[in-house]
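Me: I've got a protein model here and I'd like to go through it with you. Can we take it one piece at a time?

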Amino acid sequence: APTMADITVLRWRPFRLPMAHRFEAASGVLDAREGVLLELRTADGTIGLGEASPMPSLGGGTCEDVVRLLERHGLALDTLPADGPGVAALRCAVDMALLDLEGRASGQSVAALLAEAGETPASAVQVNAVLGDGSPEEVAAYARQAVQSGYEVLKLKVGVGALEHDLALVAAVREACPDAVVRLDANGAW
């Protein structure tokens with residue numbers, strides 16, 4: 001398995017993806033999702049990609065914190081502090097990039113690398129569309145749009161307001177998209 005000692009090139013690029021709709025959750029309102037795309041390259045040119053997307057509203061630091069850590073530590077990312085703003089997100093990105101490198105080098109998917117011995121990894125995972133808070137009518141409209149775009153699983157953020165509001169949202173989404181799988185995500189608000 002590749003380690004940071006095998007890395008000869010480190011690159012990163014901050015990104016900002018605007019939300020198609022207002023996104024409100026228990027942790028706050030987002031109008032965009034920000035992160036840092038991390039690229040690790042070995043001497044033979046193999047590239048591994050990872051993503052650091054801290055949630056400032058949850059105390060995980062900011063993208064600026066991640067970039068400062070990258071600038072300070074460079075290729076010595078194995079010397080990151082145990083904790084601090086942006087550290088967890090950057091550690092996640094490094095782990096993802098190293099797994100990506102290992103998978104590319106071995107011709108295996110990351111799922112196969114992470115599977116238990118003898119276990120067959122899933123060939124696909126259903127990706128969910130995330131629905132933020134709003135009126136039941138707004139959230140139902142977002143849900144319909146997501147299903148029309150091809151999503152079969154909807155993750156509904158709840159816990160922003162009263163339980164009655166959450167129940168109304170679930171009912172509206174269920175009525176608007178009866179065949180969709182609906183997941184609830186309260187982000188610890190309950």
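Me: Which residue follows helix 1 and has a positive phi?
Reply: Some background: this is a predicted model, where local features need pLDDT of at least 70, side-chain atom pairs count only at pLDDT 80 or more, and totals for chains, interfaces and linings use all residues. Residues are numbered from 1 along each chain as its sequence is written, and side-chain values use heavy atoms, with hydrogens and water left out. Helices (H or I, at least four residues) and strands (E, at least two) are DSSP runs, numbered from the N terminus. Helix 1 covers residues 63-73, and the residue that comes after helix 1, with a phi near 50 degrees, is G74.

Me: At what angle do helix 1 and helix 2 pack?
Reply: Axes are lines fitted to C-alpha atoms, for helices over the stretch in contact, and angles run from 0 to 180 degrees between N-to-C directions. Helix 2 takes in residues 87-106, and its axis lies 9 Å from that of helix 1. The angle between the two is about 65 degrees.

Me: Which residues of helix 2 do V66, L69 and L70 meet?
Reply: Contact means heavy atoms within 4.5 Å. V66, L69 and L70 sit in helix 1, and all three are among its buried residues (under 20% relative accessible area, with a 1.4 Å probe and protein chains only). Their partners in helix 2 are V87, A89 and L90.

Me: How many nonpolar residues does that contact have?
Reply: Ala, Val, Leu, Ile, Met, Phe, Trp, Tyr, Cys and Pro count as nonpolar, Asp, Glu, Lys and Arg as charged, and the others, Gly among them, as polar. The contact of helix 1 with helix 2 has no polar and no charged residues, and its nonpolar count is six.

Me: Why is one side of strand 4 and of strand 6 left without a neighbour in the sheet?
Reply: Strands pair if DSSP finds at least two bridges between them. The three strands form an open sheet in the order 4-5-6, with parallel pairing. Strand 4 (128-131) and strand 6 (181-185) stand at the edges, so each has a single partner strand.

Terms used
Buried < 20%, exposed > 50% of the residue type's maximum accessible area, 1.4 Å probe, protein only.
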